[in-house]
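I opened this entry to look up how the parts of the structure are arranged and how they touch one another. My notes follow in the order in which I looked.

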Amino acid sequence: MATAVGALAHTEEHSGLWSWLTTVDHKKIGALYGITGFLFFLLGGAEAVAIRTQLAVPNGTVVDAARFNELFTMHALTMIFLAIMPMGAAFFNYFIPLQIGARDVAFPRLNALSYWVFLSGAVILTSSFFLGGAPDGGWFAYVPLTGKQYSPGTGLDFYVVGLMVLGLSSLLASLNFAVTIINMRAPGMTLMRMPVYMWIALVVAFLLILSLPVLTVGLIQLLFDRKFGTNFFTPGSGGDPILWQHIFWIFGHPEVYVLILPAMGIVSEVLPVMSRKPLFGYSAIVFASASIGVLGFGVWAHHMFTTGLGTVPQVVFSASTMAIGVPTGIKIFNWLGTMYGGNIRFVTATYFAVAFIATFTIGGISGVMHASPSVDAQHQDSYFVVAHLHYVLFGGAIMGIFSGIFYWFPKMTGRLLDEATGKLTFWLMFVGLNLTFFPMHFLGLAGMPRRIYTYDAGLGWETWNFVATIGAYTIAASVLVFVVNFLMTMRKPRTAPDNPWDGATLEWATSSPPPEHDFDVIPPVHDRDPLWYMRDHNIAMPAPPEHQHIHMPPPSYFPLIMGLGVAMMAIGVLSTFAITALGIVVVIYSTWGWVLEPTD
Amino acid sequence: MAAATHHTAPAEHATTMGIDHRKLLMWIFLASECLFFGSLISTYMVFRGDSIVGPYPAEILDIPLTSTSTFVLLMSSLTMVLAVYGAQHGRPTMMRVMLLGTIILGLGFLGFQTYEFRTFGAEGLVPSTNQFGATFFVLTGLHGTHVGVGVLYLASLLLASFRRTGLGRDQVLHIDIAGLYWHFVDIVWIVIFTIIYLIPQ
């Protein structure tokens, strides 16, 4: 993988391992996020394949029950926190400055720190497999199952600490993105001229900024329950396990929108460009995204309809859950309206974007079904829920991310991914995902509970389980084809034009891949689709001044050191607090080094 | 305050909204902190009166003592304001003295808190004792951690102000941003003090 990382470098004089460890360039950090996220996507996929292999036939013996619990828990944690979020962050890192016409994010070193803290958290969480067992209480870790009494091992401690570290990383990155988008837009780029992707990045940043602290508090309380004998969530001593569910889902439901909104943003970029039409109903999409951001904080208890909330909360959360379907539905029609009457260019990115609309809508509709508490009570903890969430997260988020990879690959690497292989990837993935997840609707309605490690023959579940497993292998094949495509493409010369799709947003105004300073001259913004406006009004890009020196922030190793300090603080909680104390010293030392380091 | 920010932002780093990046970062971070303390305070409220063994809050809280420590912390906000004033009006000695005063008052508050925690421990209240212990220690402990981080933050600024270059051309901004953090931590304490100590259970 080292060659692949090295090949993504855009400036030869800044290559080599040290340059990657000390980089503060948003494009290199984006590449680091992307590569790391994709490797964890492969790991999470391997976990999924193991799960499906175990469930292919009744009474499977591939893994035992304990290992199965670890696999489904780590599959979820890996895909959510280590694959989809960092791949989303990769695009945000790379394209926020490019789309708003800036030369970097507002805090380049903070950006590097976010990555190193993310990597620390990812390694800590994954290392649990080799250090006494992975977390096995499901990704939402319901107490009392995850309390000390029923989970005496260290797996849940890795969960608590790993998620705290990953949360810190996401918080730092989101603060950085929010400030960048609010404060670093090119002249003329008013809020309502920003690309929709930037609006969505802003909404996602605020969702994380406002929801992560709630999770952190829950994790601190769970840690105290496990380590120091408090009873926040222990019934019988005055504690309340339902409180954990409230706290977790006040974070967890906005988190769902953190996962899906970036994919919606990518599709909102790809479809207008490929349809050669401006986005249909720009302001409707902007307001829909913002209202999803607000309503996303008011629907959490629909995850808890079967806990005995009482009638009034059930009605309120049922209504708010139905309400949040409205802005989502608006977007579906916006995308359809964008394509309607367009001269559509059917490339791989378009395939993924169009399929996203269909598969995400299936997941969205089964989601609205769960807004009804009585229906939800039937589906609770069944494979129907598994089908729903995978249509949203695979049919939605992953399809959107792949659309983005094919769309932006020429900008990031100077190379176009192979189209024939890309379409093979698409068809394998599209068929595979429907083959895997659609039968899970039937399994759920036939009564198959989620998270069981095996089942007996004769319950009517054999056929669809076997079909789902074939689907999982089909998805694995599609990912393999993509990896081959990626590796083959990276060996080709950089021949991609600066604007291969006739894109409208500012990232297509600079070279492919962009220079370290992004733009020789910051392009003027007259319109929502600045490059189309300039094309249609015969406005040339302003020429850069002859002898300009563009000052870029120098590389720094303090983010890496501080990231290591944060990792030590976390590892100390899992082993001995002396390491935490040492980590605090490292963090304070690197903060001073950071602040006193000259950046001019 | 806006004028000060405008004054300190060099022309080549002009921002879209006219506010410095670092100040905007602190404001948004404080929004995040609101949810952090909001969750902790909510947990305290949820478990109010749910302790099934003593010591109960009414038996153990020393309101005169904590009122004194609250007064100390509130006075630190006054000295912080005066430190910002000193920085803005080119009076470095005033700025340094007031920063030092803020640090001392912050340390005084932490001293009171340490004394209170130790006393509670001696009287048999630790986090694992009951719901009051768990929610009280986690909430006030994390608030105290924030005060401690603030003391380190202000002490770093005070030390750096004695360098040859002082705090650089953005001195006013640095003090201003630290002030935002400090006042926030104070305001949160007013809420915590009211809810834990003043409202009878």
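Before turning to distances between domains, I note that the domain bounds come from an automatic or database domain assignment, and that the model is a predicted one.

Entry 1, domains of chain A. I looked up the assignment and found domain 1 of chain A at 2–539 + 552–556 and domain 2 of chain A at 557–600. Taken over C-alpha atoms, the centres of domain 1 and domain 2 of chain A are 29 Å apart. I then checked their contact, to which domain 1 of chain A gives 19 residues and domain 2 of chain A gives 15 residues. On the domain 1 side, the elements that supply two or more residues are α2 (17–22), α5 (108–127) and α6 of chain A, and α5(A) has the largest share with 7 residues. By class, this side of domain 1 of chain A holds 13 nonpolar, 4 polar and 2 charged residues.

I followed helix α6 (residues 155–183) to helix α7 (residues 196–227), whose axes come within 8 Å of each other and cross at roughly 155 degrees. Angles over 145 degrees count as roughly antiparallel, so α6(A) is roughly antiparallel to α7(A). I noted the crossing of α6(A) and α7(A) as left-handed, and their contact as made up of 21 nonpolar, 4 polar and 2 charged residues.

I found 7 helices and 0 strands in chain B, and 36% of its 201 residues count as buried. Its C-alpha atoms fill a box of roughly 65 × 35 × 25 Å along the principal axes. Of the contacts in chain B with a separation of 6 or more, I recorded that 79% join residues 24 or more positions apart.

How values were computed:
Residues numbered from 1 in each chain as written. Chains lettered and ligands numbered in written order. Predicted model: local features only at pLDDT ≥ 70, side-chain atom pairs only at ≥ 80, totals over all residues. Axes fitted to C-alpha atoms, helices over the stretch in contact; angles between N-to-C directions. Helix = DSSP H or I, 4+ residues; strand = E, 2+ residues; numbered from the N terminus. Parallel < 35°, antiparallel > 145°, perpendicular 65-115°, else oblique. Left-handed = near helix turned anticlockwise from the far one by under 90°. Nonpolar A, V, L, I, M, F, W, Y, C, P; charged D, E, K, R; others polar. Buried ≥ 20, exposed ≤ 12 C-beta atoms within 10 Å, placed from the backbone. Contact = placed C-beta atoms within 7 Å.
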